[in-house]
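Q: Please take a close look at the surroundings of the ligand in this model. An account of the contacts and their definitions would be welcome.

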Amino acid sequence: MRISDKPVAARLAALGVELRPGVSLSELTSLAIGGTTDQLLIRNYDTLPEVIRELQNEGIPHKFLGGGTNVLVADGELPWIVLHLPSVSPGVRIEGKFAFVDAAADLGGTVTYCAKRDLGGMEGLIGVPGSIGGALRMNAGAYGTQIGSYVREVELYRAAGGRNIILRGDDIRFDYRHTSFAPEDIMLRVKLELPAKPYADVVAGIRVCNEKRRASQPLNQKSAGCIFKNPPGASAGRMIDELGLKGLRVGDAMVSDRHANFFVNVGHATCDEMLRLVDDIRGRVKKAFGFDLENEVIFWKN
Ligand code: EPU
């Protein structure tokens, strides 16, 4: 969808929003799949309610794209624009045991920044790609750690009401790869409370997690991490592996030969190829093990 020729473009520019016309989402997502649309870069979080009001008044559909590491986007010309909070470095401010982090900050960078200030707890999250905002929304977790445990406050744009609000950590539910945020909420800032831990100890923990991850996950390939959530008490990756499906391909979409719950783009995979592979594997797991695998990756249709 193109809005550069519409009067709203000038009003958005006056709000300090940068319009990038015709960006390819294949370049903004870790799967390197996705069509083309206009993108709005919003640097001043306080303008978000007004920006979204403008879009609603003009009937312009929009989606919010964070780090792009857990999303599968349709191909072709997309019928909605994307909003994005540009990344900030470090985007973290420490006060005692609290870290105040911008949603656009890199998750791994935040873990390291806090480590250097002798704050730990999030070592397991070090290799999880993406932004703090994305990690919050899905309660990212790995190696026994999940970000939700450390959240004390979240500032977000709440679509219902159309304004920025602050929620207390106790008022948010953090479950396995799921939270009580509304789908249209946009994460803006978070206050984390982290346990004091000497830098050397945090680094030692980070090393262990990095080694485990390197040994089991296809880190240098284009993926969205695990494609399915694990059903209670079972591992999607193990089941797909037991069925001998590593390396199975639909076009350039392939079940990783390293970790079977990672589906990788080995060339120029299309969204359709990836979806066909996902459906095929889901069907086979259902038939063999009786589990209905739920997507962890979010699918954006056109
Ligand atoms: N396994 C296989 N074959 C495979 C993959 C796994 O036999 O191809 C076996 C492993 O040997 C192990 C078991 O399955 O015995 C579990 O594997 P792993 O430790 O890799 O954990 P997982 O359940 O597959 C989860 C998360 C990962 C997270 C790791 C480490 C989900 C869907 N996945 O994977 O998170 O990094 O644990 O904590 O919850 C993600 O969410 O995108 C993600 C990568």
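**The ligand shell**

A: The shell around the ligand divides into seven nonpolar, seven polar and six charged residues, where Ala, Val, Leu, Ile, Met, Phe, Trp, Tyr, Cys and Pro count as nonpolar, Asp, Glu, Lys and Arg as charged, and the others, Gly among them, as polar. The model is predicted: local features need pLDDT of at least 70, side-chain atom pairs count only at pLDDT 80 or more, and totals for chains, interfaces and linings use all residues. Residues are numbered from 1 along each chain as its sequence is written, and side-chain values use heavy atoms, with hydrogens and water left out.

In total, 20 residues surround the ligand, a residue being near a molecule if one of its heavy atoms lies within 4 Å of it. The closest are Y176, N230, R238, D241 and E296. Helix α6 (residues 236-242) supplies the largest share of the shell, three residues; helices here are DSSP runs of H or I with at least four residues, numbered from the N terminus.

An N or O atom in the side chain of Y176 is 2.7 Å from a ligand oxygen atom. For N230, a polar side-chain atom likewise lies 2.7 Å from an oxygen atom of the ligand, while for H259 the corresponding distance is 2.9 Å. Of the 810 Å² of accessible area that the ligand has on its own, the protein covers 73%, with areas taken from the Shrake-Rupley method with a 1.4 Å probe.

Note on methods:
A polar contact is a pair of N or O atoms within 3.5 Å; within protein, one must be able to donate a hydrogen and the other to accept it, and residues adjacent in sequence count only if both atoms are side-chain atoms. Helices (H or I, at least four residues) and strands (E, at least two) are DSSP runs, numbered from the N terminus.
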